[in-house]
Amino acid sequence: MIPEEKNIEHKRDKIPPLGVRGLRNNLYPIFLKSKNLNFLIVGGGFVAEEKLTFLLKSSPDAKVTMVSPMFREATLELSKKGCVTLIKDVYQKKYLEGRHIVVATTDIPAINIQVWKDCRAEAKLVNVADNPPYCDFYMGGIVTKGNVKVAISTNGKSPTTAKRLRQFFEDVIPENVDDLVKNLNEYRKTIKGNFEEKVEKLNEFTKSLVEK
């Protein structure tokens, strides 16, 4: 048993570093069908408005409820463009009922932390704005070109960098990339064979797209 245990430790020592200086982004990216989910934003200030703006920009069909004693005029106008319900009230735990994803944006830390605690108790995903230790997820930079969507994360370290990268990809990804996706989807329907054969043919067909 001893030599075998030593061998295991030896193999562990050979695991390559995770990235620069042993660090890397361990977040798992997913693309949510937001129309099937209920979002709650706690707060009605500038940060809440910013979160709502980007959420609706990326997912216009998202169902959102906002709770706050007050709302900005721009937020009131923005809410008319989507499926947004505004509730003028202070935060109460009852507003978590039926919500899947929660974002806390108030300027009172104690309230944000209470939202986090309540969400953890009910196993709901929560993001406390500008407070990474109290986030189950981050709302990163997003680029959308038709059916193509690219999400950018800096692991909560630099939203400004994510913003600049978003602007960069918006410029370099061609507007007609959606035509390519649609054409490939139609081509895929015509391919005969099993799954593995279809993948091989699609890889061969699209190889020129990534060749330098």
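Residues are numbered from 1 along each chain as its sequence is written, and side-chain values use heavy atoms, with hydrogens and water left out. Because the model is predicted, local features need pLDDT of at least 70 and side-chain atom pairs count only at pLDDT 80 or more, while totals for chains, interfaces and linings use all residues.

A nonpolar core is here a set of buried Ala, Val, Leu, Ile, Met, Phe, Trp, Tyr and Cys residues joined through side-chain atoms within 4.5 Å; buried means under 20% relative accessible area, exposed over 50%, and partly exposed in between, with a 1.4 Å probe and protein chains only. The largest such core has 15 residues, and those with the most contacts inside it are Phe39, Ile41, Leu52, Val64, Met66 and Val84. At least two residues of this core come from each of strand S1 (38-42), helix H2 (46-58), strand S2 and strand S4 (101-104), with H2 giving the most, four residues. Helices (H or I, at least four residues) and strands (E, at least two) are DSSP runs, numbered from the N terminus. Apart from this core lies another, of 12 residues, among them Tyr91, Tyr95, Leu96 and Val115. Contact means heavy atoms within 4.5 Å. Leaving aside residues up to four places away in sequence, Met66 touches Ile41, Gly43, Ala48, Leu52, Phe71, Thr75, Val84, Thr85, Leu86 and Ile87.

Thr65 is also worth a visit. This residue sits in strand S2 (residues 63-68) and counts as buried because its relative accessibility is 7%. Beyond residues up to four places away in sequence, Thr65 touches Phe39, Leu40, Ile41, Thr85, Ile87 and Arg99. The C-alpha atoms of Thr65 and Ile87 are 7.4 Å apart, although 22 residues separate the two along the chain. With Arg99, the Thr65 side chain makes a side-chain polar contact at 3.3 Å. Such a contact is a pair of N or O atoms within 3.5 Å; within protein, one must be able to donate a hydrogen and the other to accept it, and residues adjacent in sequence count only if both atoms are side-chain atoms.

Turning to the rings, a search of the whole structure finds two aromatic pairs. Rings of Phe, Tyr and Trp (its six-membered ring) pair if their centres lie within 6.5 Å; planes under 30 degrees apart count as stacked, over 60 as edge-to-face and the rest as tilted. Trp116 and Tyr134 are edge-to-face, because their ring centres are 4.8 Å apart and their planes stand at 90 degrees. Trp116 belongs to helix H4 (residues 109-121) and Tyr134 to the loop between strand S5 (125-128) and S6, so the pair ties together parts 18 residues apart in sequence. Both partners are partly exposed, Trp116 at 22% and Tyr134 at 25%. Phe168 and Phe169 form an edge-to-face pair too, 5.3 Å centre to centre with 70 degrees between the planes. Phe168 is partly exposed at 46%, as is Phe169 at 29%.

Helix H6 (residues 177-190) has 14 residues and reaches 21 Å from its first C-alpha to its last. That is close to the 20 Å expected at 1.5 Å a residue, the expected span being 1.5 Å times one less than the number of residues. Its buried residues are Val177, Asp178 and Leu184. Seen down the axis of H6, they fall within an arc of 125 degrees and so line one face of the helix; the arc is that of the directions from the helix axis to the C-beta atoms. These buried residues pack against strand S6 (141-145), strand S7 (148-152) and helix H7 (195-206). The face turned away from them carries the exposed residues Asn183 and Lys189.
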